[in-house]
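Subject: Structure handover and notes on helix packing

Dear colleague,

I am passing on the structure we spoke about, together with some notes on what was found in it. Please have it open beside this message as you read.

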Amino acid sequence: MVEDRVVIKGRCLEITIDTSMFNTVEPAFPFPIILMINGQILAGACWNAEGGKLAGQPGDPYGLIQELLNASKTMLQKQGEYNTSLFIYFSDYAFKYKDSSLVISYENELLSYTDCPKYKGKYRGIVELPLREFVEDVLRISREYLEKYASIVEEVRLEHGEKPDNYDDLWKLYREVEELYKKRFGTEDHC
């Protein structure tokens with residue numbers, strides 16, 4: 001039996017993947033995803049007609065994890081800025097390294113149309129947090145996704161005739177970021 005919702009939490013990051021729904025119209029963004037950082041919504045939608053509760057917006061969990069790892073890698077290498085959609089439909093994100101912090105600018109176009117008062121005006125903004133804390137969460141969440149939840153997501157994708165993703169590549173990227181983290185912050189355990 002496949003779980004209906006996968007929730008992966010770190011200290012600052014929280015990802016919710018709704019595996020009960022599969023977007024057959026646009027399989028590049030197969031699952032509704034909610035992404036929150038420090039309690040701030042970066043991906044998700046809300047409509048009063050659907051009960052006024054936060055819901056996911058179309059996204060790809062593999063791509064999301066990959067892009068969070070790529071952003072972490074870029075910031076650890078002090079390369080300045082990383083722009084991405086995080087494989088979440090109707091979204092744009094810019095990750096910028098600033099001193100020992102990470103500044104994330106985001107725009108969630110889907111949330112700009114909300115009729116839920118709680119989320120009005122929250123479709124764009126800036127989140128700033130310590131780089132170390134962010135990378136630790138990305139590593140923790142990536143590992144948990146790869147070890148526990150990738151198989152659940154793949155099972156649903158395969159049921160809909162999709163080809164399996166290459167998790168060896170994602171593990172390789174995870175190990176690259178982990179090594180950069182250790183070089184930057186030392187070898188203490190991040191998980």
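Before the helix pairs are described, one convention is needed: an axis is a line fitted to C-alpha atoms, for helices over the stretch in contact, and an angle runs from 0 to 180 degrees between N-to-C directions. Please also keep in mind that this is a predicted model.

With that convention, helix H1 (residues 61–76) and helix H3 (residues 167–185) pack at an angle of about 30 degrees, and their axes lie 9 Å apart. Since angles under 35 degrees count as roughly parallel, H1 is therefore roughly parallel to H3. The crossing of H1 past H3 is left-handed. On the H1 side the contact is made by residues including Tyr62, Ile65, Leu69 and Lys73, and on the H3 side by residues including Tyr167, Leu170, Leu173 and Arg184. By class, this contact of H1 with H3 has 13 nonpolar, 3 polar and 4 charged residues.

Helix H1 also packs against helix H2 (residues 131–159), here at an angle of about 155 degrees and with the axes 10 Å apart, which means that H1 is roughly antiparallel to H2. The crossing of H1 and H2 is again left-handed. Among the residues that make this contact are Pro61, Tyr62, Ile65 and Leu69 of H1, and Phe134, Val138, Tyr145 and Val153 of H2. The contact of H1 with H2 has 15 nonpolar and 2 polar residues, with no charged residues.

The remaining pair to describe is H2 with H3, which pack at an angle of about 160 degrees with their axes 11 Å apart, and these two helices are therefore roughly antiparallel to each other. H2 passes H3 in a left-handed crossing. Arg132, Glu136, Arg143 and Glu147 are among the H2 residues in this contact, while Trp171, Glu178 and Arg184 are among those contributed by H3. Counted by class, the contact of H2 with H3 has 13 nonpolar, 1 polar and 7 charged residues.

Leaving aside residues up to four places away in sequence, Tyr145 touches Ile8, Ile17, Pro61, Tyr62, Ile65, Ala150, Val153 and Tyr167.

Two individual residues may be worth a look on your side. Pro61 lies in helix H1 and, because its relative accessibility is 1%, it counts as buried. Pro61 touches Ile17, Phe31, Ile33, Tyr145 and Val153, again not counting residues up to four places away in sequence, and its C-alpha atom is separated by 8.6 Å from that of Phe29, 32 residues apart along the chain. The C-alpha atoms of Asp18 and Lys98, which are 80 residues apart along the chain, are separated by 34 Å.

Note on methods. Residues numbered from 1 in each chain as written. Predicted model: local features only at pLDDT ≥ 70, side-chain atom pairs only at ≥ 80, totals over all residues. Heavy atoms only, no water. Helix = DSSP H or I, 4+ residues; strand = E, 2+ residues; numbered from the N terminus. Parallel < 35°, antiparallel > 145°, perpendicular 65-115°, else oblique. Left-handed = near helix turned anticlockwise from the far one by under 90°. Contact = heavy atoms within 4.5 Å. Nonpolar A, V, L, I, M, F, W, Y, C, P; charged D, E, K, R; others polar. Buried < 20%, exposed > 50% of the residue type's maximum accessible area, 1.4 Å probe, protein only.
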